[in-house]
Amino acid sequence: MDKVMVLNDLDNVATCLTDLNARDMVEVAVSGGRQEITLVDDIQFGHKFAIKDIASGAEILKYGEVIGVASIPISAGQYVHVHNVESVRARGDKGAQK
């Protein structure tokens, strides 16, 4: 059973299907292939981590859609959540970037 899933080939994050720990090596299915990523942080079930390095200001993609923008650089294997992502949806001061 896979421990994580990538929902769209455009995504730069994966979602955990179980609780995982920092230093766990996970295999991620991406674009018909598989890659191994070592987690930097503990990641809880249902939460996300980066599957590639994401620059500050770059779009965070899940479901093939922009769900936010990196507020700081995020390394592959790092937890992706409100501490390093700025929302661009449902804001009056910013529109979705694309």
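**View 1. N12 and its neighbours.** Leaving aside residues up to four places away in sequence, N12 touches F49, A50, I51, K52, I54, E59, I60 and L61 (contact means heavy atoms within 4.5 Å). This is a predicted model, where local features need pLDDT of at least 70, side-chain atom pairs count only at pLDDT 80 or more, and totals for chains, interfaces and linings use all residues. Residues are numbered from 1 along each chain as its sequence is written, and side-chain values use heavy atoms, with hydrogens and water left out.

**View 2. Where N12 sits, and what its side chain reaches.** N12 lies in the loop between β1 (4–5) and β2 (13–16); strands here are DSSP runs (E, at least two residues), numbered from the N terminus. N12 counts as buried because its relative accessibility is 7% (buried is under 20% relative accessible area, exposed over 50%, partly exposed in between, with a 1.4 Å probe and protein chains only). The N12 side chain comes to 3.0 Å from the backbone oxygen of E59, and one of its polar atoms is 2.8 Å from the backbone nitrogen of L61.

View 3. With 37% relative accessibility, L7 counts as partly exposed.

**View 4. The whole chain, for context.** The protein has 0 helices and 9 strands. Buried residues account for 37% of its 98 residues. Of the contacts between residues at least 6 apart in sequence, 44% join residues at least 24 apart.

Key
Helices (H or I, at least four residues) and strands (E, at least two) are DSSP runs, numbered from the N terminus. A polar contact is a pair of N or O atoms within 3.5 Å; within protein, one must be able to donate a hydrogen and the other to accept it, and residues adjacent in sequence count only if both atoms are side-chain atoms.
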